[in-house]
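Notebook open, viewer open. I want to go through this chain one feature at a time and jot down what I find.

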Amino acid sequence: MSRQFSEIFDELESWYGMEAGRVVLDKVRAHLATYLDTAFGYHILQIGPVREHSLIEQGRIHHHIYAGPVVAARFGLLCEGG
C-alpha cells in the first residue's frame with residue numbers, strides 16, 4: 001500500500017470518528033437499510049476505510065466480511081486497491 005493511500009485511509013477513519021463523520025455514517029446507514037432489509041445471501045462484504053464503523057450490521061445476512069488494506073481487529077480480508 002502506498003504511503004499516500006495509507007495516510008488518506010487514516011484521515012478518513014479519523015474523520016468518521018468526528019461529529020461530521022458520524023452524521024454522514026448515520027445517513028449512509030439509513031440509506032443502506034432499505035437495501036439491507038431486502039438483501040438475501042450467505043455472505044456480505046464491506047470494503048473501505050470504515051474499520052470501526054460497520055455499514056452492514058443491520059442487515060439480515062449474518063456472515064459479515066470486512067476488507068481493507070491494513071490490519072485491524074474487524075477486518076477478515078486484507079486487500080490492496082490498484
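My entries follow, from the overall layout down to single side chains.

**Ground rules.** I am working with a predicted model, where local features need pLDDT of at least 70 and side-chain atom pairs count only at pLDDT 80 or more, while totals for chains, interfaces and linings use all residues. Residues are numbered from 1 along each chain as its sequence is written, and side-chain values use heavy atoms, with hydrogens and water left out.

**Confidence.** I checked pLDDT (the predictor's confidence in each residue, from 0 to 100). The chain averages 81, and 83% of its residues reach 70 or more.

**Layout.** I counted 2 helices and 3 strands, and from the N terminus they run α-α-β-β-β. Helices here are DSSP runs of H or I with at least four residues, strands are runs of E with at least two, and both are numbered from the N terminus.

How much of the chain is buried? I get 29% of the 82 residues, with buried meaning under 20% relative accessible area, exposed over 50%, and partly exposed in between (1.4 Å probe, protein chains only). The accessible surface of the chain is about 5800 Å², 58% of it on carbon and sulfur atoms; areas come from the Shrake-Rupley method with a 1.4 Å probe, and for residues only the protein chains shown count as cover. Then contacts (heavy atoms within 4.5 Å): of those with a separation of 6 or more, 32% are between residues 24 or more positions apart.

**The sheet.** I traced an open sheet of 3 strands in the order β1-β2-β3, with parallel pairing. That puts β1 and β3 at the edges, each pairing on one side only. Two strands pair if DSSP finds at least two bridges between them. β1 (residues 44-47) and β2 (residues 64-68) have 4 bridges, and I found Ile 47 opposite Ala 67 in β2. Between β2 and β3 there are 2 bridges, and Gly 68 has Leu 78 in β3 as its bridge partner.

**Nonpolar patch.** Which residues make the nonpolar surface patch? I list Ile 8, Leu 12, Trp 15, Met 18, Val 24 and Val 28, covering about 460 Å². Patch residues have over 30% relative accessible area and no salt bridge; like charges are joined within 9 Å, nonpolar side chains (Val, Leu, Ile, Met, Phe, Trp, Tyr) within 5 Å. Both α1 (3-16) and α2 (19-38) supply at least two residues, with the largest share, 3 residues, from α1. Met 18 sits in the loop between these helices and counts as partly exposed because its relative accessibility is 46%.

**Salt bridge.** I found 1 in the structure, the term meaning a side-chain nitrogen of Lys or Arg within 4 Å of a carboxyl oxygen of Asp or Glu. Arg 29 and Asp 26 form it, with their closest N and O atoms 3.7 Å apart. The two are 3 residues apart in α2, so about one helical turn separates them. Arg 29 is partly exposed at 28% relative accessible area, and Asp 26 is also partly exposed, at 48%.
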